Amino acid sequence: MDAVTAFFRFAVFSLLTCMLLLSSCNDSSSSSSQGCHDESIQHPNEAFTIEEAGQILASIPVDSAMAASTEGMRLIPGGTFEMGGSGKLAKRDEFPLHQVSLESFWIDEHEVTNAEFRAFVQATDYVTTAEQDISAEEIRKQLPPGAEMPPAELLKASSAVFSQPAFQQGARYTFLDWWSMTPGANWKHPQGPASSILGKDDFPVVHVSWYDAQAYAKWAGKRLPTEAEWEYAARGGLAANTYPWGNEPIESGAPKANFWQGQFPVENENTDGFERQSPVASFASNSYGLFDMAGNVWEWTSDWYHATHYENRAGKTSINPKGPERSYDPENPAAQAKVMRGGSFLCNDSYCAGYRVSARMKSSPDTALEHTGFRCVRTHR
Ligand SMILES: [Ca+2]
Ligand SMILES: [Ca+2]
């Protein structure tokens, strides 16, 4: 981990302290003020190394009953489709368009819920990334020589919670204005220790890192979707569609998804009825019977994020692609990030429009956020 990432992570720490490396805050703010990338924060939650994460995953048992069941899943018929940006909101990393051919696969109808994740935790005693204290030793390794260590209280288990900033005339808001690293925030306490998921069994689980999602998927006898599988399923058999339902703008007609209405991040008109997460399947499915492929919470995929990877696929048909070997994000070159798809309750057209079927987002695999969850797939045999 080099100084760039270390500086970036210090910027996140500054959410809580406003005292560390103010110049790095400014750097992050300027690079992240260009829209979609604002949400690509790196959680300094190095509770363990990637090798240790692999050991943890290896220790997760497979639930044989879950592994034998396709309840709550839909079989997506294999086929060939054009992957990549559709519509005027498409961003550079969604191009070039390219052909992808996929075998049939099963996919969860909805995002993994709190009840489903609780069953996994009860069966395995699994502890999520956000529930673990940050390793001081890991942070020390990431800091530039001579840099001051963050206070010990900032190394307590924490996760990123959305906090709506007050309106200020002429202000340019960045992710530092709306994400709060909150000690005690985790999947059981989405807004911090005083909050709970009581009565929210059918809400999507959030504050799960990519590692957590991997662990759940293994237990359930499933896996995370590849980025191509996710987009193919989201398109619902349509071609050149911007959204899972077609091309009608998200703001038109009856509410189509849980997203942000109004001026992000200072005014939520809340006309869809949900200020934060909504119970899964609160809105109409796409034609494959899949819910919340647009909005509600972002969903982890198995692929590394690489800003120009689609260029490698141009002019040919990629068969069951599994993404690049390694991650590359020009806005944060040191980070290793996994792709997230589908947008969240924080997206709107003026900001990231992440609910488009081709929209790409990324975070490091140890990042946990209040607006991020996942769903699983299984290869069809
Ligand atoms: Ca909403
Ligand atoms: Ca979603």
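Which residues point one way from β7, and which the other way? Select β7, residues 298-304. Trp298, Trp300, Ser302 and Trp304 point one way, while Glu299, Thr301 and Asp303 point the other way.

**Before you go on**

This is a predicted model, in which local features need pLDDT of at least 70, side-chain atom pairs count only at pLDDT 80 or more, and totals for chains, interfaces and linings use all residues. Residues are numbered from 1 along each chain as its sequence is written, and chains are lettered from A and ligands numbered from 1 in the order in which they are written. Helices (H or I, at least four residues) and strands (E, at least two) are DSSP runs, numbered from the N terminus.

**Stop 1**

Seven of its seven residues are buried, so β7 is largely enclosed by the rest of the structure. Buried means that 20 or more other C-beta atoms lie within 10 Å of a residue's own; exposed means 12 or fewer, and partly exposed lies in between, with C-beta atoms placed from the backbone.

Two strands pair if DSSP finds at least two bridges between them. Find Trp298: its bridge partner in β11 is Thr372.

Next, show β9, residues 338-341. β9 pairs with β7 in the antiparallel sense, over three bridges. Look for Lys338 in β9, opposite Trp304.

**Stop 2: helix α8**

Select residues 210-219, helix α8. Ten of the ten residues are buried, so α8 is largely enclosed by the rest of the structure. Among them are Trp210, Asp212 and Trp219. The buried residues of α8 pack against α3, α5, β7 and β9. Step just past the helix to Gly221, which takes a positive phi of about 70°.

**Stop 3: α3 against α8**

How far apart are the axes of α3 and α8? They are 9 Å apart, and the helices pack at an angle of about 20°. That makes α3 roughly parallel to α8. Axes are lines fitted to C-alpha atoms, for helices over the stretch in contact, and angles run from 0 to 180 degrees between N-to-C directions. Angles under 35 degrees count as roughly parallel, over 145 as roughly antiparallel, 65 to 115 as roughly perpendicular and the rest as oblique.

Show the side chains here. Ala53, Ile56 and Leu57 in α3 meet Tyr211, Gln214, Ala215 and Lys218 in α8. Contact means C-beta atoms, placed from the backbone, within 7 Å.

**Stop 4: Tyr126**

Go to the loop between α5 (114-124) and α6 (136-142), and pick Tyr126. Tyr126 has 17 C-beta neighbours inside 10 Å and counts as partly exposed. Not counting residues up to four places away in sequence, Tyr126 touches Phe120, Val121 and Ala215. Ile60 is 66 residues from Tyr126 in sequence but 8.3 Å away in space, C-alpha to C-alpha.

**Stop 5: Asn268**

Move to the loop between α9 (227-235) and β7, where Asn268 is found. Asn268 is partly exposed, with 19 C-beta neighbours inside 10 Å. Its contacts beyond four places in sequence include Gln164 and Glu275.

**Stop 6: a three-stranded sheet**

Finish with β1, β4 and β12. These strands form an open, antiparallel sheet in the order β1-β4-β12. β1 (73-76) and β12 (377-379) stand at the edges, each with a single partner strand, so one side of each is left without a neighbour in the sheet. Three bridges join β4 (residues 105-108) to β12. Trp106 has Arg378 as its bridge partner in β12.

Methods
Two residues are in contact if their C-beta atoms, placed from the backbone, lie within 7 Å.
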